[in-house]
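The structure is shown first, and the description follows.

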Amino acid sequence: MEDFNIILGTDSYKVTHYKQYPPNTTTVFSYFECRGGKLNGAVDGDVKFTEVVFFGIQYILQKYFTGQVVTREKIQEAKEVYKLHFGQDIFNEQGWEHILEKHDGRLPVRVRAVAEGTVVPVGNVLFTVENTDPECFWLTNWVETLLVQTWYPITVATNSRKQKEFLAVYLAETAGNLDGLESKLHDFGYRGVSSQESASIGGAAHLISFEGTDTVAGIRFARKYYGCSMAGFSIPASEHSNITAWGQQQERAAFKFILEAFPKLPVSIVSDSYDIINACERIWGEDLRSVVEARSSDAPLIIRPDSGDPVIMVIKVLNILGEKFGTTINQRGFKVLPPYVRVIQGDGIGTHTLVKVLRAMWRERWSVENLAFGAGGAILQRVNRDILNCSFKCSFVEIDGHGMNVFKNPVTDPGKASKRGRLSLHRSADGLLYTEQEGRGDPNTDLLQTVFENGKLLKTFTFAEVRSRSQIPAERLEQLKQAEEERVWAIHRRTRCGDAPLLP
C-alpha cells in the first residue's frame, strides 16, 4: 500500500507510551499467542479449538514492514494528525526522526515466528517481537496493532481446518476413503466480507485446507505473497438471475439450456427459485432425467438447494434424487447416487450446521460422497479475535542494563495471566509442542525463526509448504472418530427404533 503510513498504523494510546516506560528502558520483548476458545453454537455443545493453524504474518511483514517505511513526509503527516487528534503536541517526533536518520526509515525490530502452516496447541507462543536499537524500546509494542491482525488469517485457517476434520471423519466413515476431501467445502464468502483485503486474506486462509473457492481475491493473495500459481478451483455454476430471467414457466428450459452449455464440465444449478421439491421430483427426476443420465462422472449435474433448513433440505433432496435416479450401497453400507448427479448445500452453512448435516446424513445412511458444501459469511466474516483469544503481551524488559521478566496476572481473571521472560517454542520427544519461558529454552531446538529484522524479510514460506504442515494426521482423525462414536453414533444405534426416518 503505497500511501500507508506506519506511524499512523497503531492505536491512539500507543502514541504516548514512549513517555510511560521506566526511565532508561532499552529493550522490550513481547509475544503473541492464542489462548484457545470456541465457536458458540448448538451442536451437542460448542465447537472448541485446542490447536491453531499459524498463517498470515508473512503477508503483514511484506506489505507493511519491509523496506523504508518511514519518511520525512510521513513523520510530518503523523505530527499534524496527532496534534489535531490529541489537542496538543505529544507525538514522539524525535523517535521517528531517529529511525529515519540512523536506520534509513527501516524498522529496527526483530520478529521470530513459527513456520507458517504449523499446527500449534493453544496457549503457546507463535511469534515474538523485540527492538534491535535501544533508543527504540517503544517500537516493539507500537507495531502490536498491525501484527495482532494475524488473528484473522489464523482464525479462518483454524476454523476451516476444524470443518475439514469433521468432513474427513464422516467421509471416511460413510465412503471408506477420503477421495475429494479437499473439494468438500467451497468458499462462497467473497461478497460477505468487510473489504477486498479481508476477502484476500481470509480466502487464502481457507485454501490452506481446501481447494474449492469462488473468492478470486484469495487466489491472487496466494499467488502474490506465497508463490502459488493456482491455489483454488471452481466450476461453472448458475445463480438465481440466470434461472428467473427465463420466467417461472420456463424453469425447465433454463435448467436444460445451462446444463447443455457445459457438456464436459461439472455444472452446479441452483434449483430453488420457485419450488425445490418440484424441481427435483419433476424437472430433474422426470422431464430432464435422460439429459442428466447422459452426463459423466467427470461432468456431473450438481443440484444446489438454497433455502430452507439445511439439515432437512439436504436429506429431502437426497431422498428424492435417490427415488428418481436410484442408488447403490457402497462398501460401508451407505447410499450413493449415480456418479452423474450430486448435491451442494451452500445456504446457511457454518461449522455447527455442517456438523449437523453430516450427522443427519450418517443417520439416514447417505454417504458424504454425494454432497459438497459451500459457505459464505460464516467462513470469512463470522469470526473475531475472541474466538481464539489472541493476545500480544510484553514478557521481558531491560532497564539500566538489567533484564527483568515481566507478566500480568489479574486476580479477577486468571485466564488472562501472561507468560514471563524470553520465550521459545520446542517439540518434546513425543512430538508435542510446548513453550519455554524465562529464557530457559535451548536456542538450538527453538522452532521460532527470525523472519524479519531491521526492515528485511529474512524468511518466507510457500503456499505448498503451508498446506503440507497443516495436514491432519491419521491419529488425529482416529481421535475425532472415537469422539463421534461416543457422542453420536453409539447413542443413535442404541436409541433408534426400527427404520423410522430421522426427518420428515
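In this predicted model, Glu453 and Arg110 form a salt bridge through their side chains, with an N to O distance of 2.6 Å. The pair links distant parts of the chain, since Glu453 is in strand β19 (residues 449-453) and Arg110 in strand β5 (residues 109-113), 343 residues apart. Glu453 counts as partly exposed because its relative accessibility is 25%. Arg110 also falls in the partly exposed class, because its relative accessibility is 23%.

A second salt bridge joins the side chains of Arg476 and Glu165, at 3.1 Å from N to O. Arg476 belongs to helix α17 (residues 474-495) and Glu165 to helix α6 (residues 151-175), so this bridge ties together parts that are 311 residues apart in sequence. Both Arg476 and Glu165 are buried. These two residues also belong to a network of salt bridges that links them with Glu51, Arg161 and Lys162.

| Salt bridge | N to O distance |
|---|---|
| Glu453 and Arg110 | 2.6 Å |
| Arg476 and Glu165 | 3.1 Å |

Most residues other than glycine have a negative phi. The phi of Glu438 is positive, near 55°, although the residue is not a glycine. Glu438 sits in the loop between β18 (433-436) and β19, and β19 is the strand that holds Glu453.

Asp400 also has a positive phi without being a glycine, at about 55°. This residue is located in the loop between β15 (390-399) and β16 (402-405). Is Asp400 buried or exposed? Asp400 counts as exposed, because its relative accessibility is 51% and the class begins over 50%.

Another loop residue is Thr71, placed between α1 (57-65) and α2 (72-86). Thr71 counts as buried because its relative accessibility is 18%, and buried means under 20%. In sequence Thr71 and Ile99 are 28 residues apart, while their C-alpha atoms are 9.3 Å apart in space.

Helix packing comes next. Two packed helices are described by the angle between their axes and the distance between the axes. For helix α10 (residues 251-261) and helix α11 (residues 276-287), the angle is about 55° and the axes are 11 Å apart. This angle makes α10 oblique to α11. The two helices have a right-handed crossing. On the α10 side the contact is made by Glu251, Arg252, Phe255 and Leu259, and on the α11 side by Ala279, Ile283, Trp284 and Asp287. Sorted by class, the contact of α10 with α11 has 5 nonpolar residues, 3 charged residues and no polar ones.

Helix α6, which carries Glu165, packs with helix α7 (residues 196-206) at an angle of about 35°, and here the axes are 8 Å apart. The crossing of α6 with α7 is right-handed. Helix α6 contributes Tyr152, Pro153, Val156, Ala157 and Ser160 to the contact, and α7 contributes Ser198, Ile201, Gly202, Ala205 and His206. In the contact of α6 with α7 there are 6 nonpolar and 4 polar residues, with no charged ones.

Some values describe the whole protein chain. Its secondary structure comes to 17 helices and 20 strands. Taken along the principal axes, the C-alpha atoms fill a box of roughly 80 × 50 × 40 Å. Of the 504 residues in the chain, 54% are buried. Among contacts between residues at least 6 apart in sequence, 76% join residues at least 24 apart. The bridges of Glu453 with Arg110 and of Arg476 with Glu165 link parts 343 residues apart and 311 residues apart, respectively.

Terms used
Residues numbered from 1 in each chain as written. Predicted model: local features only at pLDDT ≥ 70, side-chain atom pairs only at ≥ 80, totals over all residues. Heavy atoms only, no water. Salt bridge = Lys/Arg side-chain N within 4 Å of Asp/Glu carboxyl O. Helix = DSSP H or I, 4+ residues; strand = E, 2+ residues; numbered from the N terminus. Buried < 20%, exposed > 50% of the residue type's maximum accessible area, 1.4 Å probe, protein only. Axes fitted to C-alpha atoms, helices over the stretch in contact; angles between N-to-C directions. Parallel < 35°, antiparallel > 145°, perpendicular 65-115°, else oblique. Left-handed = near helix turned anticlockwise from the far one by under 90°. Contact = heavy atoms within 4.5 Å. Nonpolar A, V, L, I, M, F, W, Y, C, P; charged D, E, K, R; others polar.
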